Amino acid sequence: MIDTRITAYLDERDIPYRVLMQSREAVSIEDAAKLRDIETHTMVKTLLLRDMDNQLVLACCQGNKQVDPKKVRALLNTRRMTCVSSEQVEVLTGFAIGTVTPLLLKTSMPIIFDNEIKQNTLVTISSGQRIAGIEIALKDLVEQCSPLWSDITR
């Protein structure tokens, strides 16, 4: 078992989840899926974006998809959106690259889920550490982070 800010948060709220331990840190989302014995489409992949006015947004999609920043920009009716630098990800979210989750973000920001995430009743998010993931009911995750829903993948 593993104790992280995410597991503590879920435990405090009596939200059921399952820890998916890995034998080692993953080097990619495909590697993480293999180590956890799950399919990549069940994973919630996150991408931290910023517009020209410094508005932040956490865009989330299935692990086998890619977020399209142009679609996020159109949804938010904002100017150009770019990925936040790896150095700034931890400063802004409280999580290192590869461990960002839509829960317990250090900085308040809109969270957008791609509509295809709805294909799964169970999803996996990061535990907040590179050595494990968390399997959680999508409905429980959505109740905790209240995302906007849209088509935001390529």
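UniProt, in an unreviewed entry, lists residues 25-142 as "domain: YbaK/aminoacyl-tRNA synthetase-associated"; such annotations may be inferred rather than shown by experiment. The model is predicted: local features need pLDDT of at least 70 and side-chain atom pairs pLDDT 80 or more, while totals for chains, interfaces and linings use all residues. Residues are numbered from 1 along each chain as its sequence is written, and side-chain values use heavy atoms, without hydrogens and water. The end C-alpha atoms of residues 25-142 are 27 Å apart, and the span is 25% helix and 28% strand. Helices (H or I, at least four residues) and strands (E, at least two) are DSSP runs.

**Sheet**
- An open sheet of 5 strands is ordered β4-β2-β3-β5-β8 with mixed pairing, where a pair needs at least two DSSP bridges.
- β4 (81-83) and β8 (148-150) are the edge strands with a single partner strand each, so one side of each has no neighbour in the sheet.
- β5 and β8 run parallel, joined by 3 bridges, and Asp 114 stands opposite Ser 150 in β8.

**Helix α4**
- Val 89, Leu 92 and Thr 93 are the buried residues of α4, buried being under 20% relative accessible area with a 1.4 Å probe, protein chains only.
- These residues lie on the same side of α4 because they cover an arc of only 85 degrees around the axis, taken from the directions from the helix axis to the C-beta atoms.
- They pack against β2 (44-51) and β3 (56-62), with contact meaning heavy atoms within 4.5 Å.
- Gly 94, with a positive phi near 90 degrees, follows α4.

**Thr 99**
- Thr 99 is in the loop between α4 (86-93) and β5 (111-114).
- Thr 99 counts as buried because its relative accessibility is 2%.
- Leaving aside residues up to four places away in sequence, Thr 99 touches Ser 126, Gly 128, Gln 129 and Arg 130.

Terms used:
Buried means under 20% relative accessible area, exposed over 50%, partly exposed in between (1.4 Å probe, protein chains only).
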